[in-house]
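Please open the model in your viewer and keep the sequence panel beside it.

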Amino acid sequence: MPMLRYFLTFTLFLAAALVHAAGTVYRCPMHPWIHADHAGAKCTICGMPLVAASSEMAPAGFVALSPSSVTVIGVETATVSRQPLIHTLRVTGRIEDDDTRHRVVAARVPGRVEKLHINYVGAEVQADQPLVTLFSPEVLTAERIYVERLRASAAIAATDLAAARERLLELGLTAADVAVLENSLQPSATITVRAPFAGTVVSKSVYEGQYVGASDRLLELADFSRMWFVFDAYEQDIPWLSVGQQIEFTTRAVPGEVMHAPIDFIDPNFNETTRTAKVRAILPNPHYSVGGVPHRLPHRVLAEGRVLMESPAVLAAPRAAILDRGRGPVAYVDMGEGRYQQRPLTLGRRGDSLVEILAGLTENEKVVTHGALLLDAQAQLAAEASAPSVEIINGGPVPSPATGAIMRGEATPPTLIAKAADPLAALAVAAIDAAAALGADDYAAYQKIFPALSVAAKAFSLPQIDPGADLKSARRSFEPWSTAVADLLKPHRARLGVKIFQCPMAPVAGKGRWVQRSQPLKNPFFGSTMPDCGAEVP
């Protein structure tokens, strides 16, 4: 509906703004290359009445409006100036534990799990708290050797005693355990594995009675007193981020609380698959609200963050002033007295409401922020009016080169194709029109187009083609012809402005090709049954 409103406004504006007493011509609002020199004529393509338009054309890139037209359209402008860009980045991430405070508790000796002091995930442990007791004959042997050397310390070298003591420490005994052994002189076959720091059990890999080997994982501990908020930043967002920036985020696990944390690290290793880089912020846990209420953040919950970023002052224009029609961004500059100039732009970073201008505009110039779409339509109309056209004389069309129709991918009269200046262009028009009709399951339209298709094909050596008795037979005849045409036009795609697509399941040859002006593809061999079957030929 907005586009229809724009079109109706533009049509009225065109009829009111461009009519002059002398040199009046009449053009189709939908197909401006169709014109006549008298009132009452109709477009030969869509049948719409032609409207009056001035034969005087504005210079290329300029649009001239009368004061009343400016008022009707509601043209609004803004000044290009140097100002900071403000960009709000919204991200989704997870609350993770601090990876630098994560520890795997493993067995240093082979043995049997005699007792699990902590036997469930999520248990809170303190530093040096017993976790697992192992029965290990290897520990018993090492303790016996140490006790024997202690008893015979006067008869053996000090280095031998020290080596026996070092062996016990290597097997996992602490200095306190060794001191108890030195006092009791009673060797034991059990060894107690203790927590290296205070934390939370996040993984348990053993059960009582289980045999383990040296280096086997027993438990996994994490320190939840400090947490990470980790999220992925896309490549276009990375230039906005820096270490030290504040992130505000929320999580449903702590409803109603907005938390803040500084960015601590931006991973320089870019993920080529997801096109993202990891970013993390650090915050204490529990987190205290503004009212002093502690909120403990659970591990691995989702959180939504927002980063407010501001750049130094740059030359910037409102985003509403930028138009991008697929051939690069442009803006319309108010030159005064109802004249507006189209400017191609080179853009930098995009903020929430402003865009950085690298080239194309200067400071203090005024750009159109409202009504630019209608100005652009008028500029395209002026360009079309200066291009080769089809003029209506005595109720019939006089043909001119078909290259303009190729660029629009629209149906073209057979006589226009027959007398086109470029046979390849005429062939491309015919192939595009025919493929579009078959892709839309419109056999009646294909029958109307077929005479033009036959005329265009006479200049080339192509497979035979017939209109067929129905849609299915028409498609079977069209497939080999269309494939040959696509191969013929392939070296000239850039000049003609066409795209070639291939279907890997074509019913006749298995691989059929056809010509279109642009995406999205519409398979002419299957129509609505499989409209998007295929891919563009590189």
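**The whole chain.** Begin with everything shown, bearing in mind that this is a predicted model. The chain holds twelve helices and 32 strands, and of its 538 residues 42% are buried. If you consider contacts between residues at least 6 apart in sequence, 66% of them join residues at least 24 apart.

**Helices α3 and α5.** Next select residues 137–151, which form α3, together with residues 175–184, which form α5; their axes come within 10 Å and cross at roughly 55°. The two helices are therefore oblique to each other, and the crossing of α3 past α5 is right-handed. To see the contact itself, show the side chains of Glu-143, Tyr-146, Val-147 and Leu-150 on α3, and those of Val-178, Leu-181 and Glu-182 on α5. Sorted by class, this contact between α3 and α5 has five nonpolar residues, two charged ones and no polar ones.

**Helices α10 and α11.** Now move to residues 443–457, helix α10, and residues 471–489, helix α11, whose axes come within 12 Å and cross at roughly 30°. Because angles under 35 degrees count as roughly parallel, α10 is described as roughly parallel to α11. Here α10 passes α11 in a left-handed crossing. On the α10 side, select Tyr-443, Tyr-446, Leu-453 and Ala-457, which meet Leu-471, Ala-474, Phe-478 and Trp-481 of α11. Which classes of residue make up the contact of α10 with α11? It consists of eight nonpolar residues, with no polar and no charged ones.

**Helix α9.** Select residues 423–439 and look along the helix: at 1.5 Å a residue, its 17 residues should span 24 Å, and the end C-alpha atoms are 24 Å apart, which agrees. This helix, α9, is mostly covered, since 15 of its 17 residues are buried. Just after α9, pick out Asp-441, which takes a positive phi of about 60°.

**Leu-297.** Finish in the loop between β20 (294–295) and β21 (302–318), where Leu-297 is placed. Is Leu-297 buried or exposed? Its relative accessibility is 2%, so Leu-297 counts as buried. Show what surrounds it: leaving aside neighbours within four places in sequence, Leu-297 is in contact with Ile-95, Met-227, Thr-251, Val-254, Met-259, Leu-283 and Asn-285.

Definitions and conventions: Residues numbered from 1 in each chain as written. Predicted model: local features only at pLDDT ≥ 70, side-chain atom pairs only at ≥ 80, totals over all residues. Heavy atoms only, no water. Axes fitted to C-alpha atoms, helices over the stretch in contact; angles between N-to-C directions. Helix = DSSP H or I, 4+ residues; strand = E, 2+ residues; numbered from the N terminus. Parallel < 35°, antiparallel > 145°, perpendicular 65-115°, else oblique. Left-handed = near helix turned anticlockwise from the far one by under 90°. Contact = heavy atoms within 4.5 Å. Nonpolar A, V, L, I, M, F, W, Y, C, P; charged D, E, K, R; others polar. Expected span 1.5 Å × (residues − 1). Buried < 20%, exposed > 50% of the residue type's maximum accessible area, 1.4 Å probe, protein only.
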